[in-house]
Amino acid sequence: MASDPDKGNGPTTAESKPGTISLTLDDKGNAVALTWTDPSSGQASFVVSYGRADGPADKTQRVGAGTTTVTIGQLDPSQDYCFTIAGEPGSGVGPSPAICTKRPAPGAGSTSPRPSGT
């Protein structure tokens, strides 16, 4: 019976983990609109990290508390990019999973049908 009160310790540990963010992406070619959930209820500022999909996330943009959307511009429409967002350090808001654009490869979908009879 003494172990019964200890059964509640598991969920307490799970609840003490940093809040998680759900991130969505709207690819507009030379810009990407990001929207996310804010587990801090408007208390945390955020940092968006991004870069080309074939390289490191070498760019960041800070976003103020209470904001849950941002548009990242000046992107090369022929390259894929990956994005994550996290609360500012010390906010208790963990990073989102990475989300990437899925742009067609150059020339994809532009193949000409073969001439008939050849």
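**Entry 1: a four-stranded sheet**

I started with the open sheet of four strands, which I read in the order β4-β3-β6-β7 with antiparallel pairing. I noted its edge strands, β4 (59–63) and β7 (99–100), each of which pairs on one side only. A reminder to myself: this is a predicted model.

Next I followed strand β3, residues 46–52, and found five bridges joining β3 to β4, with the two running antiparallel. Which residue stands opposite valine 47 in β4? I looked it up, and the residue there is arginine 62.

**Entry 2: the whole chain**

I counted one helix and seven strands in the protein.

I then looked at burial and surface. Of the 118 residues in the protein, 26% are buried. The accessible surface comes to about 7700 Å², and carbon and sulfur atoms own 52% of that.

**Entry 3: a three-stranded sheet**

I moved on to the other open sheet on my list, with three strands in the order β1-β2-β5 and antiparallel pairing. Here I wrote down β1 (23–27) and β5 (69–72) as the edge strands, each pairing on one side only. Neighbouring strands of this sheet are turned against each other by 20° on average, with direction ignored.

Strand β2 covers residues 32–36, and five bridges join β1 to β2 in an antiparallel run. I picked out two of the facing pairs: leucine 23 has tryptophan 36 in β2 as its bridge partner, and aspartate 27 stands opposite valine 32 in β2. How many residues lie between β1 and β2 in their hairpin? I found four, and glycine 29 in the turn has a positive phi of about 90°.

**Entry 4: threonine 101**

Threonine 101 sits in the segment after β7. Is threonine 101 buried or exposed? I put it down as buried, because its relative accessibility is 4%, under the 20% cut-off.

Leaving aside residues up to four places away in sequence, threonine 101 touches Leu25, Asp27, Val32, Gln79, Asp80, Tyr81 and Phe83. I was pleased to meet Asp27 and Val32 again in that list, as aspartate 27 and valine 32 are the pair I had noted facing each other. With aspartate 80, threonine 101 also makes a side-chain polar contact of 2.7 Å.

**Entry 5: where I read with care**

Last, I checked the predictor's confidence. The average pLDDT of the protein is 81, and 74% of the residues score at least 70. Which element has the lowest mean pLDDT, and which the highest? I found helix α1, residues 9–15, lowest at 29, and β5 highest at 97.

I marked two stretches with pLDDT below 50: residues 1–17 and residues 112–116. For residues 1–17 I found zero contacts in the model beyond near neighbours in sequence, and I wrote zero for residues 112–116 too.

Note on methods. Residues are numbered from 1 along each chain as its sequence is written. This is a predicted model: local features need pLDDT of at least 70, side-chain atom pairs count only at pLDDT 80 or more; totals for chains, interfaces and linings use all residues. Side-chain values use heavy atoms; hydrogens and water are left out. Buried means under 20% relative accessible area, exposed over 50%, partly exposed in between (1.4 Å probe, protein chains only). Accessible areas come from the Shrake-Rupley method with a 1.4 Å probe; for residues, only the protein chains shown count as cover. Two strands pair if DSSP finds at least two bridges between them. Axes are lines fitted to C-alpha atoms, for helices over the stretch in contact, and angles run from 0 to 180 degrees between N-to-C directions. A polar contact is a pair of N or O atoms within 3.5 Å; within protein, one must be able to donate a hydrogen and the other to accept it, and residues adjacent in sequence count only if both atoms are side-chain atoms. Contact means heavy atoms within 4.5 Å. pLDDT is the predictor's confidence in each residue, from 0 to 100.
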